[in-house]
Amino acid sequence: MYYHLYWGKARPDGAGAQCHLLPYHSLDVAAVGWYLLAPERPLTQRLAARLDMPPEALRRFFVFLLGLHDLGKFARAFQGLARPDGVELVPPIERLAYTERHDRLGALVWQSNWIEWWQDGFLGTAEKLPPRRERHQLADTLRALLAPMFGHHGQPVEAGQLNAGQFFGEDEHASDIEAARRFVADWVALIELDWPIDKLVSPQWREAFLSVSWTIAGWATLSDWLGSNRDHFTYCQNPMPLAKYWPMALERAERALAETGFAHPPEPIPYAGLASWFGGQSISPTPLQREAETLILGDGPQLFVLEDVTGAGKTEAACILAQRLLAAGHGEGLYFALPTMATSNAMYERLGHLHRHFYAEASHPSCVLAHGARELNDTFMQAIAAEQPGDRDYAADDMTATTRCNRWLADSRKKSLLADVGVGTIDQALMGLLPFRHQSLRLYGLARKVLIVDEVHAYDHYMQTLLNQLLAHHARQGGSAILLTATMPRAMREALAAAWREGLGQAPASLQNDAFPLLTQVGDGLERETPLATRPEVSREVGIDWLTSEEQALDAVMAAVEAGECVAWVRNTVDDAIRAFEAIRERHPEPERCLLFHSRFAMVDRQHIESDVIERLGKTSTPGRRRGQVLISTQVFQESLDCDVDHMISDLAPIDLLIQRAGRLQRHVRGSRRAPVLSVLAPEWNETPDAQWLKRALPGTQAVYRDTSLLWLTQRVLRELGAIRMPDEARVLIESVYGPVADRVPDGLQEARWEQRGMQGVAVSMANFNALSLEQGYLRQLDIDQWQEELEIGTRLVDEPALNVVLLKRDADGALVLWAEGERHAAMLSQVKLRQSQAEKLMDLPAESQAQWEVLQEHYKALRFTRPWLVEADSVCAYDARWGVRFTTNTDNK
């Protein structure tokens, strides 16, 4: 009997091994899917509306298909992998080798037999096969429908030219194909399936399914992950009818979902004002927040673009919109996407417990941080172990439901987007577009959420192209999105709105309003551009002072120190920052008040430096602590730290970055100070510069910002206006550099401009080439093999690959140890990210240390993809906790 076939997740270790019979595992997974696709769930209702099916009929149909996900394990080639004693299983057939994965074999057995099973009624089909002209459409639709089920291990599979006889056998004991057929017949009878034949032969319905097939694939993968957990689904090797086992599977599935946080979506509550978030405090909303509170929500997927100055409360305005959207049924959770790990950490800390105010008290929504170094965030690590009052205990070890849910979701970044509330890098969302295994799980998680993208202006053309595709897909899935920015060019806003309209199947339309601040709302038949007022306290003017040499910049720093001020100099490269730091320390009467901050520090030292910067220049820093402090930094300073200085110097950079840097100048109210001035180190002004105009003065800057026309245009508009006035002149500042007027650049800079435009075109092409064609559905294209490991293609396009270098040292006994030996997460804290060309300058690990390095790699799995560097053995390059990594030659680094 087919009930005796072995499910391959059991222990194949000989006598006494426990087995789980294959049909029961199939029902375990189907039972999980049954609850995840409950008719009352918003996602089920959106899918039902999209596919024009009643929610209950949709659930029954797709759960039946999900139950077929492991048909490939009926192959005797797979069964022969395990031969436990004492269990009556079908014997192996030696000639059948398991050379293809079971997921592909599932596609093979279905492709080879579905027509015969249909005609013989084993699929519960009373109807005969449709006429030939419709049969091909039926075959194509069934192939598309089963692809997410057979592709439950993270990528689509196809049977291709495989021959069933190579893997499925028949002897006096059993026939594999017959066993599979009997299981399918019993399962279709149990589920009481009514085939929607009219839809399966409709090309329009197939197209509608393809658009949601990625979400269905994620649902199938999640169901398989949960249904394969032995903690919830104990092995059963005693044969019984499927009808008897199904209620048991449903009961176990219900418990599994409760313990992992998927039993019921959290219950949203209506937005009740800012006071409800902050303990009843009387808080006056900003103009942007007031608009977010009062605007009329549309009926379908909506895009909001919030453009306002720093300090206008964009984050809270986005949260207001998110809560209103959740309460209106436009999502079950939210994902807050940011450009960097540092900004993600800051947002995770900032949101704190705010997300709990979006839901009923009993909901206990999960909140997960999603990026590659999140284990270093103590708040996150504490949160995943947190319990809530009233949690129900499910096991003898007293681990509560909240703890189990938190830990399960935090187990991998692939699961992070499944949390009710996620905070992380934009990369985690964009990976859903790329051919990485389990990308569909990310899209499934996002399909349930309001997507919030902060600092949307900060992405290059490669990432912008991917973001546009993500927005179009999110709109197709029925989701909503909120984009936040302080310095977005008008062309970017139009491209984002056009992508959203594409997802809704609408023609593009031109946005007309150039006001700033501005709230843009785009939906199905809905388009609003609402100009906003600005609070006087966030309207500011920062004067511009020009410096033409590093010596002048050094003098300006020391003048600020002598005046008792604190000052920051933001440089465009690491080597320029190191050189300036050394020069300032030589002049400073108290060199211990000088601090260097850049990206070329090991993580353990970077964390210490960040804490030091906060202590010296943070919001609560005292006048005595701030006096005479000098911070020499690269752009890492402007990204996330809530600090400010009395005076700032910056190397010339594109206008949006200078505006962002100026945001750290006199950010907080601290009594009497001179008017804020940003001193910009730039070449002498030249109306007709040549190609070397920037390189002669700032060679490192030209290596970073190769389109020198952007910097010339920035210098021009700042010289014309004399200051950065926000928000009054925000549009003029941005459009004078990035808008159509920016095409009027001097002839000497045209070559660099066109070269960079060519590179931008390459970036767009690369993004389109790397990204999956989501509109084609979750199907494997037989002529290409896009699917890659995550290390091979990425969400960011860089000039050269980056490598994680792990710093090593020797202890007192001469043993090789990590740089941060003795610290929690020592393996991650000992790493620094360098460009490949930089890493190649480091001395190779001595041969006599290789064996010890292999032992370290075995102990710390995170070291598998790193390059080791024994610092003390390198006679050329060096590392110091004060300066970071230093090379013998000048290298330009951000």
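Predicted model: local features only at pLDDT ≥ 70, side-chain atom pairs only at ≥ 80, totals over all residues.
Helices here are DSSP runs of at least four residues, numbered from the N terminus.

H2 covers residues 42-51, and its buried residues are Leu43, Thr44, Arg46, Leu47, Ala48 and Leu51. What do these buried residues of H2 pack against? Their partners are helix H1 (22-36), H3, helix H8 (197-200), H9 and helix H18 (439-447).

Helix H3 spans residues 55-66 and helix H9 residues 203-227; their axes come within 12 Å and cross at roughly 60°. That angle makes H3 oblique to H9, and the crossing is right-handed. On the H3 side, the contact is made by Phe61, Phe62, Val63 and Leu66, while H9 brings Trp205, Phe209, Ile216, Trp219, Ala220 and Ser223. Sorted by class, the residues of this contact are nine nonpolar, one polar and no charged.

Leaving aside residues up to four places away in sequence, phenylalanine 62 touches Leu37, Leu51, Leu145, Met149, Phe209, Ile216 and Trp219. Now look at the wider setting. In soluble globular proteins, nonpolar side chains tend to be buried together. In this model, the largest nonpolar core has 137 residues, and those touching the most other members are Phe62, Trp187, Trp195, Trp219 and Trp246. H9 gives the most to this core, with twelve residues. There is also a second, separate core of 92 residues, and among its members are Ile544, Ile584, Met648 and Val704.

Helix H19 (residues 461-476) packs against helix H29 (residues 747-770) at an angle of about 40°, and their axes are 8 Å apart. H19 and H29 are therefore oblique to each other, in a right-handed crossing. From H19 the contact takes His461, Tyr462, Thr465, Leu466 and Gln469; from H29 it takes Gln760, Ala763, Val764, Met766, Ala767, Asn768 and Asn770.

Our last stop is aspartate 612, found in helix H23 (residues 603-617). Aspartate 612 touches Leu595 and Arg625, not counting residues up to four places away in sequence. Aspartate 612 and leucine 595 lie 17 residues apart in sequence, and their C-alpha atoms are 8.5 Å apart in space.

Conventions
Residues numbered from 1 in each chain as written. Heavy atoms only, no water. Axes fitted to C-alpha atoms, helices over the stretch in contact; angles between N-to-C directions. Helix = DSSP H or I, 4+ residues; strand = E, 2+ residues; numbered from the N terminus. Parallel < 35°, antiparallel > 145°, perpendicular 65-115°, else oblique. Left-handed = near helix turned anticlockwise from the far one by under 90°. Contact = heavy atoms within 4.5 Å. Nonpolar A, V, L, I, M, F, W, Y, C, P; charged D, E, K, R; others polar. Buried < 20%, exposed > 50% of the residue type's maximum accessible area, 1.4 Å probe, protein only. Core = buried A, V, L, I, M, F, W, Y, C linked by side-chain atoms within 4.5 Å.
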